[in-house]
Amino acid sequence: KLHAKILRHGLLKRNSLLGTALVDMYVKCGSLEKAQDVFDRIPARDVILWTALIGGYAQHGLSEQALKHFKEMQDVGIVPDAVTYMCALKACGLVGSLEVGEHIDAKVTKQGLLKKDVVLGTALMDMYFKCGEIDKAREMFEQLPERDVVSWSALIAGYAQNGLGDEALQCFRQMRVAGV
């Protein structure tokens, strides 16, 4: 009903934040077709709107769509932010798209985002584990400016999911020794 009122009053053309909220609402309700329809109707698309759509596709396991929109966003000149990169990395991990993930890693490193964002570094580490690049994942962990319970847990889970139980247990012990 709210969407219908917004359309009746022509608010999508004047308020991109409202459009982003609608896309986000439809994504959270699992209606990606409606989210895409709203997205398509918004003339001025910013990084937040693009990220809402990309994140929605990744969240619902539609990684190819997420990565398609991630590329399209950059093709039209919108620069991804840390949240956009995290959504795209999730999609890469789900489909095993190591090439795109490495491209994101290079961009993130070039922009110096890893020095500021442990969550983004953890997302990169998770993507590498899911793509079977265990050494790269561990290297990413070592590069994190700080290691919290989330990054340690991602490291432990990554080893375990790749059949490396002994390494996972060793990391758990290291985490405890580190006071985490």
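Contact, in this presentation, means heavy atoms within 4.5 Å. The structure is a predicted model, in which local features need pLDDT of at least 70 and side-chain atom pairs count only at pLDDT 80 or more, while totals for chains, interfaces and linings use all residues. Residues are numbered from 1 along each chain as its sequence is written, and side-chain values use heavy atoms, with hydrogens and water left out.

Let me begin with the chain as a whole. It has 11 helices and 0 strands, where helices (H or I, at least four residues) and strands (E, at least two) are DSSP runs numbered from the N terminus. The C-alpha trace spans about 60 × 30 × 30 Å along its principal axes. Of the 180 residues, 42% are buried; buried means under 20% relative accessible area, exposed over 50%, and partly exposed in between, with a 1.4 Å probe and protein chains only. Among contacts with a separation of 6 or more, 55% are between residues 24 or more positions apart.

I turn now to helix α8. Residues 118-130 form this helix, and its 13 residues reach 18 Å from the first C-alpha to the last, close to the 18 Å expected at 1.5 Å a residue; the expected span is 1.5 Å times one less than the number of residues. Because 10 of the 13 residues are buried, α8 is largely enclosed by the rest of the structure. The buried residues include Val118, Leu120, Thr122 and Met127, and the buried set packs against α6, α7 (98-110), α9 and α10 (149-161).

Leaving aside neighbours within four places in sequence, Ala123 is in contact with Met86 and Leu89. Ala123 and Ala137 are 14 residues apart in sequence, and their C-alpha atoms are 9.8 Å apart in space.

From α8, Gly121, Leu124, Met125, Tyr128 and Phe129 meet Ile134, Lys136, Ala137, Met140 and Phe141 of α9. These residues divide into 8 nonpolar, 1 polar and 1 charged; Ala, Val, Leu, Ile, Met, Phe, Trp, Tyr, Cys and Pro count as nonpolar, Asp, Glu, Lys and Arg as charged, and the others, Gly among them, as polar.

A second pair is α5 (residues 63-75) with α6 (residues 82-95), whose axes come within 9 Å and cross at roughly 140 degrees. That makes α5 oblique to α6. Residues of α5 in this contact include Leu67, Phe70 and Met73, and those of α6 include Tyr85, Ala88 and Cys92. The contact as a whole divides into 10 nonpolar, 2 polar and 1 charged.

Finally, helix α4 (residues 47-59) reaches 17 Å over 13 residues, close to the expected 18 Å. This helix is mostly covered, with 10 of its 13 residues buried, among them Trp50, Ile54 and Tyr57. The cover includes α2 (16-28), α3 (32-41), α5 and α6. Just after α4, Gly61 takes a positive phi of about 80 degrees.

Conventions
Axes are lines fitted to C-alpha atoms, for helices over the stretch in contact, and angles run from 0 to 180 degrees between N-to-C directions. Angles under 35 degrees count as roughly parallel, over 145 as roughly antiparallel, 65 to 115 as roughly perpendicular and the rest as oblique.
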